[in-house]
Structures are given as structure tokens and as C-alpha cells.
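Let's take a walk through a protein together, one stop at a time. Have a look at the picture first, and then we'll go through some of its rings and its ligand.

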Amino acid sequence: MSNPFDVIVIGSGPAGYVCAIRCAQLGLTTAVVEQNVNEQAQPLLGGTCLNVGCIPSKALLDSSHRYAEAAGHLSDHGIGVDGVSLDVAGMMARKDKIVSQLTGGVSGLLKANGVSVITGSAVLLAGRQVEVTDASGEKSIHTAGNIVLAAGSEPAAIPPAPVDGDRIVDSTGALCFEAVPERLGVIGAGVIGLELGSVWARLGANVITLEAMDQFLPNMDEQIATESAKIFAKQGLDIRLGARVTDVAVSSDAVSVTYTQNDSSETVEFDRLIVAVGRTPRTEKLFAADSGVTVDERGFVFVNDYCATEAPGVWAVGDIVRGPMLAHKGSEEGVMVAERIHGKAAQLNYDVIPSIIYTHPEVAAVGKTEQDLKAEGVDYKVGSFPFAAIGRAMASGETDGMVKILSDADSDQILGAHVVGPSAADLVQQIVIAIEMAASTEDLQLMVFGHPTMSEAVHEAALAVDGRAIHMVNRAKR
Ligand code: NAD
């Protein structure tokens, strides 16, 4: 048995590495175990987010947006660009460079904070022991006062469309196509389907997205989801709702997808198919049966509000526990657990976690939706404001979408905000701050917002809650 640590964190994604850094800052002797390695057998840190998730997809979203602008939209600004060409390999190389800079950055941060990195795959045994198997199959046992499970998630599979890494890919494969497929199918109009579908559509692919549910973005505010669907349809995205995939057949030059919609069956042919039907927690081989850790029927580790599992001294954070699978949620759970291990009564406000879809324009939300408030019987006020009436949005040619703010009818306290439009992610973050500071819409009404900015849409939406928006005619005037 080798040197005991105060804390061993299993997994180096945004939940795990952030937890390890905070533990080390608090003076705890900390190790991270990571199974992902590069060709030189060096650990690849950063998990899904840095390697095959948030960061590479945003790199491609940005590159593809610039290409689409140059190829199509700059003429609106009076800029003529002749001979725009696409270098997919160059785009991928840029993405890979960003990923390696960031994963290298995590490695440097762990080192600078004195966190040990153990390479191999870990299994939690009884008695807070961690068995690590390295690439050569050699096993070692490590112990610690506290163990934090942060093993992350992997793409979910559906029986009719098994991923073959060639014609049929998951989100990881869709980040490294070597050429733009002419006909691209996407199964699932969730966050990943929309983001990766957008990347390849902007680069010239004809994209058809098949979504099993009848409702588009059912977890979003209904009005914002409807507005987003209209914007995406205007952009030419073909999103087919109520389309359940029943069969997929791969031939030498295509992949045929059969789906049912409104009781009839249809078959479409694609060059490539992306399966983006959700993610599953990576908990199957994470702990021994006698470790004391338990999971629900979908494989999520049971934890309390503070991410403690049912085994004393064992914690679980990020995608393997309840709540949204979001890097920022996992990171803050990691910080909370580090503080708790150190003896502080830290907690996380799960009601105020922003979520963002990085399409163009972005869709972002925090707090309650209008349908949540109706279902809960809460008496609320609502104000919305379109970007079409925002000077900065007009100047940028980014007039699609709106900001919507919901507040309590009695106290005026802000309960939620929903945005589709330019800089939606950053605008919603303003409301995250407002909700955490228990602000009312009146507080926002009385604040000075810089002009000309996209943020003025937040100010106007807050004013609209009381029928006093300036740059549109209010339904109810006060
Ligand atoms: P998701 O749950 O957001 O969407 C999957 C979609 O696939 C659902 O709408 C579902 O109805 C549909 N679906 C499932 N089976 C289907 C079938 N047989 N035929 C047609 N449609 C089917 O999952 P995702 O987009 O894969 O993302 C996985 C997780 O990763 C999510 O929790 C997401 O929040 C997270 N993520 C977040 C971001 C971000 O924050 N921007 C980006 C990527 C991923």
C-alpha cells in the first residue's frame, strides 16, 4: 500500500481537477487519478470538457461562424470577400492546439499546487482504498482520508444506431470529421445535436436533425424555445420533431436512417450520422460492490445536498450525480466538497445554475421558466424585450431574439431569465448575479446600463416587467 493522501480525486475533468486544486489550496495532500493518456502514455487531463466537449466544440463553433460570415454575410456590411475557401484540416489543427494548450494548463496548475497525478483507471474498494490499474495492467492500492468520485459521463447509445466511428459517430467523432459531409443526419435536437449540427451546417452540410420528442427544447422556457425554433428554421436548419429513429443501415457509400413520424415511416440517406441522444454517468466499473457507494436505476451515484455518498468519507461530483450535466455545476460541486472536507459548511445554490446552448444566436437560461411558475402556482410578473429594438444589436446585424425576465408578483424578486439572441450567455450571467444578490426587477430598472450595449435588452426587459420599457410600446403602461 503506497503513501496515504488526505484526498484522492478520481477523474480530472472540470469537477475533479477543480476539486483537487481547491483541496491543495486548503493544505490537503491531494492526488488525482486519470485513465485518459496520450500517445506518449502521459495523462491527458481536463476530462470531456477540455478534450472532447465544451472547448473543442466552441473552437469549431467559432471557426465555422467566421467562415459562414465570410462566405455569406459580410456583404451586408458592405464588405466583399472573394474566393473564400475552407481548410477543414487547418480548422481542426487550430482546435487541437487550443485543447492541448488548455489540458497542458491544467497539468501545470495541478503541479504548481502540489497535486500528484496518478495514471491509470481507478476502482474504489471498501475502506476508502483506491485500486489503480495502469496501461501495462499493473495494479497499485492507494488510501486517503477522503475520496472524491468525479468520473464524468460518456455518450449514450441507442440500439438502432450503433456508433461505428466511421459513418455513425458520437459527439467525439463529430469533432474530427476530415471533410464536410454533404448530407449530415443528427439524432437528437438537444444541446449537442444543435451545437454540432450548427458547426457542420455553417460549413456547408445539409443537416437534418431527428428529434423523438414532439416539443422543441422542453426544458427551456416555452416562449424562448418557440422563438429559437423560428430563428433556426429561418437559418435553414431542418429539425424534425416527433421523429423516432427505428432503423439504421450502413452501406459502402451512405447511411440510411428510417424514422417514424405521425404514424408514417420515412427513410433518409446521409453521408454521416451523429448520434446525440444524451450522456450516461461513467459509474459501471467505478466502485466495488462492498464500497458502500450506491447508484440509482440510471447509474447516478446517490449523494446528499452536499455531494456526500452513503459511504463515509466518499464524495461524488459532476456528471455522475443528480442535476444537469454541466461543467460549471461540477466545478462548483468540486469546490464545495473540498471546503467540506476541510470542515467548512459550504453549499451550492442548485436553483441558480445557468445553462447555455452555443448556437448562433445563443440560447441561455437561469432560474424558473414561465411554465415552472404556472405549475408551482406562483403569482408572477413577466417582461420581455426584443433585440430588434436594441441599437447595438441593429448595428451588429444581430436582431433576432429577446430577453425575458420573470419576477415574483408580490416581492418583485427576480425568479428567472431566458434569452435567445446575441451574447445570451453573458446576459444571463448578469441575472445569475442579480438572483444571487436577491435583486428585484426594480433594482435592475434603477441601474445604469451602458449605451450602446446588448445589456440594454436586460434593462428594458426589467422595465417591461412593470410596463415601463422605453424603446417599445408597452402592453400595460405604468
Ligand atoms: P440532451 O439530453 O440535451 O438531448 C438529447 C436529445 O435526444 C433529447 O432531446 C432526446 O429527446 C433526443 N433523443 C433521445 N433518443 C432519441 C431517438 N431514439 N431518436 C431521436 N431523438 C432522440 O443530450 P445531449 O445533447 O446529448 O447532451 C448530453 C449532456 O451534455 C446534456 O446534459 C447537456 O446538458 C450536456 N452538454 C451541455 C452543453 C452546454 O452546456 N452547452 C454542451 C454539450 C453537452
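Start with R340: its charged end sits over the ring of Y306, and the distance to the ring's centre is 3.7 Å. Keep in mind as you look around that this is a predicted model.

Next up are rings that pair with other rings. To describe such a pair, you give the distance of the centres and the angle of the planes. How many aromatic pairs does a search of the whole structure find? The answer is two.

One of them is made by F177 and W200, with 5.1 Å from centre to centre and 45° between the planes, which makes the pair tilted. Now find where the two partners sit. F177 is in the loop between β8 (168-169) and β9 (183-187), while W200 belongs to helix α5 (residues 191-202), so this pair ties together parts that are 23 residues apart in sequence. Are these two buried or exposed? Both F177 and W200 are buried.

Now for F216 and F232. Their ring centres are 6.2 Å apart and their planes are at 85°, so this pair is edge-to-face. F216 lies in the loop between β10 (206-210) and α6 (222-234), and F232 is in helix α6 itself, so here the pair ties together parts that are 16 residues apart in sequence. To call a residue buried, you need a relative accessible area under 20%. F216 has 8% relative accessibility, so it counts as buried. F232 has 1%, so it counts as buried too.

Time to visit the ligand. Around it you'll find 21 residues, and the ones that come nearest are I192, E195, E211, G278 and I356. Which element gives the largest share of this shell? That's α5, with three residues. Sort the shell by class and you get 15 nonpolar, three polar and three charged residues.

Zoom in on some backbone atoms here. A polar backbone atom of I192 is 2.8 Å from an oxygen atom of the ligand. V191 also has a backbone N or O atom by a ligand oxygen, at 3.2 Å. With A212, a polar backbone atom lies 3.0 Å from a nitrogen atom of the ligand. And how much of the ligand does the protein cover? On its own, the ligand has 840 Å² of accessible area, and the protein covers 78% of that.

Note on methods: Residues are numbered from 1 along each chain as its sequence is written. This is a predicted model: local features need pLDDT of at least 70, side-chain atom pairs count only at pLDDT 80 or more; totals for chains, interfaces and linings use all residues. Side-chain values use heavy atoms; hydrogens and water are left out. Rings of Phe, Tyr and Trp (its six-membered ring) pair if their centres lie within 6.5 Å; planes under 30 degrees apart count as stacked, over 60 as edge-to-face and the rest as tilted. Helices (H or I, at least four residues) and strands (E, at least two) are DSSP runs, numbered from the N terminus. Buried means under 20% relative accessible area, exposed over 50%, partly exposed in between (1.4 Å probe, protein chains only). A charge sits over a ring if NZ of Lys or CZ of Arg is within 6 Å of the ring centre and within 35 degrees of the ring normal. A residue is near a molecule or strand if one of its heavy atoms lies within 4 Å of it. A polar contact is a pair of N or O atoms within 3.5 Å; within protein, one must be able to donate a hydrogen and the other to accept it, and residues adjacent in sequence count only if both atoms are side-chain atoms. Accessible areas come from the Shrake-Rupley method with a 1.4 Å probe; for residues, only the protein chains shown count as cover. Ala, Val, Leu, Ile, Met, Phe, Trp, Tyr, Cys and Pro count as nonpolar, Asp, Glu, Lys and Arg as charged, and the others, Gly among them, as polar.
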